[in-house]
Amino acid sequence: MGNPHATSIAAMVGAGKAVTSETFAGVCEVKHRLMQAFLAATHELVTLQKQQTTALIAGDPEFARFEALIHAAGERKDAVKYQLISHMQTHGC
Ligand SMILES: [Zn+2]
(Lines give C-alpha, C1' and ligand atoms only; values in the text may rest on other atoms or scores of the structure.)
Protein backbone atom coordinates (compact mmCIF):
# COMPACT_ATOMS: atom_id res chain seq x y z
CA MET A 1 0.00 0.00 0.00
CA GLY A 2 2.08 2.89 -1.26
CA ASN A 3 -0.78 5.39 -1.44
CA PRO A 4 -0.25 8.07 1.23
CA HIS A 5 -4.00 8.78 1.29
CA ALA A 6 -4.79 5.16 2.03
CA THR A 7 -2.18 5.08 4.79
CA SER A 8 -3.46 8.23 6.50
CA ILE A 9 -7.11 7.19 6.21
CA ALA A 10 -6.31 3.78 7.69
CA ALA A 11 -4.49 5.53 10.55
CA MET A 12 -7.52 7.77 11.19
CA VAL A 13 -9.90 4.84 11.22
CA GLY A 14 -7.52 2.96 13.51
CA ALA A 15 -7.46 5.95 15.87
CA GLY A 16 -11.27 6.01 15.96
CA LYS A 17 -11.47 9.37 14.19
CA ALA A 18 -14.47 10.24 12.03
CA VAL A 19 -13.94 9.79 8.33
CA THR A 20 -15.50 12.77 6.57
CA SER A 21 -15.51 14.13 3.04
CA GLU A 22 -12.50 16.25 3.95
CA THR A 23 -10.61 13.04 4.71
CA PHE A 24 -10.88 12.16 1.05
CA ALA A 25 -9.84 15.52 -0.39
CA GLY A 26 -7.84 14.82 -3.53
CA VAL A 27 -9.03 11.23 -3.77
CA CYS A 28 -10.84 10.06 -6.93
CA GLU A 29 -14.59 10.61 -6.48
CA VAL A 30 -15.55 7.06 -7.43
CA LYS A 31 -12.89 5.62 -5.16
CA HIS A 32 -14.13 7.94 -2.40
CA ARG A 33 -17.70 6.68 -2.79
CA LEU A 34 -16.63 3.03 -2.87
CA MET A 35 -14.42 3.49 0.19
CA GLN A 36 -17.32 5.08 2.10
CA ALA A 37 -19.55 2.18 1.03
CA PHE A 38 -16.90 -0.31 2.14
CA LEU A 39 -16.55 1.38 5.54
CA ALA A 40 -20.34 1.41 5.96
CA ALA A 41 -20.58 -2.29 5.03
CA THR A 42 -17.75 -3.14 7.44
CA HIS A 43 -19.50 -1.19 10.20
CA GLU A 44 -22.75 -3.05 9.51
CA LEU A 45 -20.98 -6.42 9.68
CA VAL A 46 -19.20 -5.57 12.95
CA THR A 47 -22.48 -4.28 14.44
CA LEU A 48 -24.24 -7.56 13.62
CA GLN A 49 -21.37 -9.58 15.09
CA LYS A 50 -21.57 -7.52 18.30
CA GLN A 51 -25.34 -8.04 18.45
CA GLN A 52 -24.88 -11.78 18.04
CA THR A 53 -22.23 -11.85 20.79
CA THR A 54 -24.55 -9.88 23.06
CA ALA A 55 -27.42 -12.28 22.34
CA LEU A 56 -25.22 -15.29 23.07
CA ILE A 57 -23.97 -13.84 26.37
CA ALA A 58 -27.56 -12.95 27.33
CA GLY A 59 -28.50 -16.62 26.84
CA ASP A 60 -30.75 -15.93 23.86
CA PRO A 61 -31.41 -19.38 22.32
CA GLU A 62 -32.10 -17.66 19.01
CA PHE A 63 -28.62 -16.14 18.73
CA ALA A 64 -27.96 -18.22 15.61
CA ARG A 65 -30.56 -16.16 13.74
CA PHE A 66 -27.79 -13.61 13.19
CA GLU A 67 -25.87 -16.04 10.97
CA ALA A 68 -27.89 -15.31 7.83
CA LEU A 69 -27.68 -11.55 8.45
CA ILE A 70 -23.94 -11.73 9.08
CA HIS A 71 -23.46 -13.85 5.97
CA ALA A 72 -25.41 -11.35 3.83
CA ALA A 73 -23.53 -8.39 5.31
CA GLY A 74 -20.23 -10.15 4.59
CA GLU A 75 -21.25 -10.69 0.99
CA ARG A 76 -22.18 -7.01 0.60
CA LYS A 77 -18.83 -5.99 2.07
CA ASP A 78 -16.95 -8.32 -0.30
CA ALA A 79 -18.95 -7.08 -3.30
CA VAL A 80 -17.98 -3.47 -2.53
CA LYS A 81 -14.39 -4.54 -1.88
CA TYR A 82 -14.12 -6.15 -5.32
CA GLN A 83 -15.73 -3.09 -6.96
CA LEU A 84 -13.14 -0.92 -5.22
CA ILE A 85 -10.20 -3.15 -6.24
CA SER A 86 -11.50 -3.35 -9.80
CA HIS A 87 -11.92 0.44 -10.02
CA MET A 88 -8.45 1.10 -8.61
CA GLN A 89 -6.90 -1.31 -11.13
CA THR A 90 -8.70 0.10 -14.16
CA HIS A 91 -8.53 3.78 -13.11
CA GLY A 92 -5.07 3.65 -11.60
CA CYS A 93 -6.15 5.74 -8.63
ZN1 LIG B 1 -10.61 6.35 -9.56
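**Entry 1: the opening question**

Against which helix do the buried residues of α2 pack? I looked this up and found that the buried residues of α2 pack against α3. For contact I used the rule that two residues touch if their C-beta atoms, placed from the backbone, lie within 7 Å.

I noted that this is a predicted model, in which local features need pLDDT of at least 70, side-chain atom pairs count only at pLDDT 80 or more, and totals for chains, interfaces and linings use all residues. I number residues from 1 along each chain as its sequence is written.

**Entry 2: the whole chain**

I recorded three helices and zero strands in the protein chain. From the N terminus on, I read the order of elements as α-α-α. Helices (H or I, at least four residues) and strands (E, at least two) are DSSP runs, numbered from the N terminus.

I found that 8% of the 93 residues of the protein chain count as buried. A residue is buried if 20 or more other C-beta atoms lie within 10 Å of its own, exposed if 12 or fewer, and partly exposed in between, with C-beta atoms placed from the backbone. Among the contacts in the protein chain with a separation of 6 or more, 58% join residues 24 or more positions apart.

**Entry 3: helix α2**

I compared the length of α2 with expectation. The expected span of a helix is 1.5 Å times one less than its number of residues. For the 29 residues of α2 this should give 42 Å, and the end C-alpha atoms are 42 Å apart, which agrees.

I listed Leu34, Met35 and Leu45 as buried in α2. Histidine 32 also lies in helix α2. Histidine 32 is partly exposed because 17 other C-beta atoms lie within 10 Å. Its C-alpha atom is 9.4 Å from that of leucine 84, although histidine 32 and leucine 84 are 52 residues apart in sequence. Just after α2, I noted that glycine 59 takes a positive phi of about 80°.

**Entry 4: the loop**

I placed arginine 65 in the loop between α2 and α3. Is arginine 65 buried or exposed? Arginine 65 counts as exposed, because there are 11 C-beta neighbours inside 10 Å. Arginine 65 and glutamine 52 are 13 residues apart in sequence, and their C-alpha atoms are 8.4 Å apart in space.

**Entry 5: helix α3**

I repeated the length comparison for α3. Its 26 residues should span 38 Å, and its end C-alpha atoms are 37 Å apart, which agrees.

I found Phe66, Ala73, Lys77 and Val80 to be the buried residues of α3, and these pack against α2. Isoleucine 85 lies in helix α3 and counts as exposed, with 11 C-beta neighbours inside 10 Å. I read a C-alpha separation of 9.5 Å between isoleucine 85 and leucine 34, which are 51 residues apart along the chain. After α3 comes glycine 92, whose phi is positive, near 70°.

**Entry 6: how α2 and α3 cross**

I looked up the axes of α2 (residues 29–57) and α3 (residues 66–91), which come within 9 Å and cross at roughly 160°. Axes are lines fitted to C-alpha atoms, for helices over the stretch in contact, and angles run from 0 to 180 degrees between N-to-C directions.

I sorted the contact of α2 with α3 by class into 16 nonpolar, eight polar and five charged residues. Ala, Val, Leu, Ile, Met, Phe, Trp, Tyr, Cys and Pro count as nonpolar, Asp, Glu, Lys and Arg as charged, and the others, Gly among them, as polar.
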